[in-house]
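Take a look at the fold below. Then follow it helix by helix.

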Amino acid sequence: MPWGHITVLLDKLPVQADRDGYAAAAVEYGWSRNVLMNMIMNKTLERTGAAPSNFAQQLVAPHSELAQQVAKDPL
C-alpha cells in the first residue's frame with residue numbers, strides 16, 4: 001500500500017479496526033488515494049450490508065445468499 005494511502009488512513013480514521021477494514025478494501029479493490037478518501041467520507045464500509053432485506057424468506061438458499069452478497073458489494 002502506498003504511503004499516501006497510509007497517511008489518509010491515519011489522518012481520517014481514529015479507530016484501528018476501521019483503518020484495517022479500509023486498508024484491506026483499498027488493496028482488494030485497487031482504490032486510488034482519492035477513491036479511498038471518498039469511501040471514508042461516505043462511510044462506505046459502515047453502510048455495507050446494513051440494509052434490511054427479505055432475501056432469505058423469499059428466495060431459496062443458494063439464490064438468497066447470492067442476492068445478499070450482490071447487495072453488500074460496495075462497487
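Predicted model: local features only at pLDDT ≥ 70, side-chain atom pairs only at ≥ 80, totals over all residues.

Start with α1 and α2. Two packed helices are described by the angle between their axes and the distance between the axes. Here the axes of α1 and α2 come within 10 Å and cross at roughly 150 degrees. Angles over 145 degrees count as roughly antiparallel, so α1 is roughly antiparallel to α2. The crossing of α1 and α2 is right-handed. On the α1 side, His-5, Leu-9 and Leu-10 make the contact.

Move on to α3, which spans residues 33-41. Its Leu-36, Met-39 and Ile-40 are buried. Seen down the axis of α3, these buried residues fall within an arc of 100 degrees, so they line one face of the helix. On the other side of α3, Asn-34 and Met-41 are exposed. What covers the buried residues? The cover on α3 includes α1 (3-12), α2 (16-29) and α4 (44-47). After α3 comes Lys-43, and its phi is positive, near 55 degrees.

Now the rings. The structure holds one aromatic pair. Tyr-29 and Trp-31 form this pair, with 6.0 Å centre to centre and 20 degrees between the planes. Planes under 30 degrees apart count as stacked, and the pair of Tyr-29 and Trp-31 is stacked. Their burial can be read residue by residue. Trp-31 has 7% relative accessibility, so Trp-31 counts as buried. Tyr-29 has 32%, so Tyr-29 counts as partly exposed.

How values were computed:
Residues numbered from 1 in each chain as written. Heavy atoms only, no water. Buried < 20%, exposed > 50% of the residue type's maximum accessible area, 1.4 Å probe, protein only. Helix = DSSP H or I, 4+ residues; strand = E, 2+ residues; numbered from the N terminus. Arc of directions from axis to C-beta. Contact = heavy atoms within 4.5 Å. Phe/Tyr/Trp six-rings, centres within 6.5 Å; stacked < 30°, edge-to-face > 60°. Axes fitted to C-alpha atoms, helices over the stretch in contact; angles between N-to-C directions. Parallel < 35°, antiparallel > 145°, perpendicular 65-115°, else oblique. Left-handed = near helix turned anticlockwise from the far one by under 90°.
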